[in-house]
Amino acid sequence: MSELKSQVRPEKRRAFLTKLSLGLGGLAAAAASVPVIAALLNPWLREKKRVWRSVGRVDEFEREGGFKLVKYKDAAPDPWAGSTGNSAAWLRRDSDTEFTAFSINCTHLGCPVRWVPSSELFMCPCHGGVFYKDGSVATGPPPKSMVKYPVRVRNGQVEIETTAIPVTTSVRV
Ligand code: FES
């Protein structure tokens, strides 16, 4: 009888230890995956802030005078962003109260585009992306039109409704 007991005990112990190590291993794997899952979900869970930024008085912009570079604080700068928390847009006055504003960031990989008045095109210096003056893609790798911001006039100030810097997540090469 005592011999039978001594043969069963090690098996039970082994089974218990196997279950225990599997359970602890599972817990460790779950704990390790939390930061990875959080990092993957962060772009979707993070609130997309939209903020109205004043970029100058209405009379600072000539009517139909082409696009002018305006600078402002990014809509959702990280506390450690420093000067990278600054952003910019291309702004054109279309009438007394109407304006058009495009994000300065190329829709390919985010490089700042440049307005070339002589050709009436936006040029991206990084990979040769070109946009027409209505923001649509003329040529190059950008997968979509330039990002257009809503514009309003309040108390004689031109305001742009900005968002965090637009970044394309799926890229055509
Ligand atoms: S970032 Fe503008 S073309 Fe690539």
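Analyst: One definition first: a residue is buried when its relative accessible area is under 20%, exposed over 50%, and partly exposed in between. Trp 115 has 10% relative accessibility, so Trp 115 counts as buried. Bear in mind that this is a predicted model.

User: How many helices and strands are there in the protein, and in what order do the elements run?

Analyst: The protein has one helix and eleven strands. From the N terminus on, the order is α-β-β-β-β-β-β-β-β-β-β-β.

User: What share of the residues is buried?

Analyst: The protein has 173 residues. Buried residues make up 30% of them.

User: Which residues form the nonpolar patch on the surface, and where is Leu 20?

Analyst: The patch has about 520 Å² of accessible area together. Its members are Phe 16, Leu 17, Leu 20, Leu 24 and Leu 27. Leu 20 has a relative accessible area of 40%, so Leu 20 is partly exposed. Its place is in helix H1, residues 2-45.

User: How many aromatic pairs are there, and how are the planes of Phe 67 and Phe 102 set?

Analyst: A search of the whole structure finds seven aromatic pairs. In one of them, the ring centres of Phe 67 and Phe 102 are 5.8 Å apart. Planes under 30 degrees apart count as stacked and over 60 as edge-to-face, with the rest tilted. The planes here are at 40°, so the pair is tilted.

User: Which parts of the chain does the pair of Phe 67 and Phe 102 link?

Analyst: The pair links distant parts of the chain, 35 residues apart. Phe 67 is buried at 9% relative accessible area, and Phe 102 is buried at 2%. Phe 67 belongs to strand S2 (residues 67-73), and Phe 102 to strand S4.

User: How are the rings of Trp 115 and Phe 122 set, and which cluster do ring pairs form?

Analyst: The centres of Trp 115 and Phe 122 lie 4.8 Å apart with planes at 50°, so this pair is tilted. Phe 122 has a relative accessible area of 0%, so Phe 122 is buried. Ring pairs link a cluster made of Phe 67, Trp 90, Phe 102, Trp 115 and Phe 122.

User: Over which rings do the charged ends of Lys 68 and Arg 152 sit?

Analyst: The charged end of Lys 68 is 4.9 Å from the centre of its ring, that of Phe 61. For Arg 152, the distance is 4.1 Å, and the ring is that of Trp 52.

User: Is Thr 107 buried or exposed, and which backbone oxygen lies 2.6 Å from its side chain?

Analyst: Thr 107 sits in the loop between strand S4 (99-103) and strand S5 (114-116). Its relative accessible area is 3%, under the 20% cut-off, so Thr 107 is buried. A polar atom of the Thr 107 side chain lies 2.6 Å from the backbone oxygen of Lys 144.

User: What is phi of Glu 120, and what is phi of Asn 155?

Analyst: Most residues other than glycine have a negative phi. Glu 120, in the loop between S5 and strand S6 (121-123), is partly exposed at 39% relative accessible area. Asn 155, in the loop between strand S10 (151-154) and strand S11 (157-163), counts as exposed at 81%. Phi is positive in Glu 120, near 55°, and positive in Asn 155, near 55°.

Methods. Residues are numbered from 1 along each chain as its sequence is written. This is a predicted model: local features need pLDDT of at least 70, side-chain atom pairs count only at pLDDT 80 or more; totals for chains, interfaces and linings use all residues. Side-chain values use heavy atoms; hydrogens and water are left out. Helices (H or I, at least four residues) and strands (E, at least two) are DSSP runs, numbered from the N terminus. Buried means under 20% relative accessible area, exposed over 50%, partly exposed in between (1.4 Å probe, protein chains only). A polar contact is a pair of N or O atoms within 3.5 Å; within protein, one must be able to donate a hydrogen and the other to accept it, and residues adjacent in sequence count only if both atoms are side-chain atoms. Patches are made of residues with over 30% relative accessible area and no salt bridge: like charges are joined within 9 Å, nonpolar side chains (Val, Leu, Ile, Met, Phe, Trp, Tyr) within 5 Å. Accessible areas come from the Shrake-Rupley method with a 1.4 Å probe; for residues, only the protein chains shown count as cover. A salt bridge is a side-chain nitrogen of Lys or Arg within 4 Å of a carboxyl oxygen of Asp or Glu. Rings of Phe, Tyr and Trp (its six-membered ring) pair if their centres lie within 6.5 Å; planes under 30 degrees apart count as stacked, over 60 as edge-to-face and the rest as tilted. A charge sits over a ring if NZ of Lys or CZ of Arg is within 6 Å of the ring centre and within 35 degrees of the ring normal.
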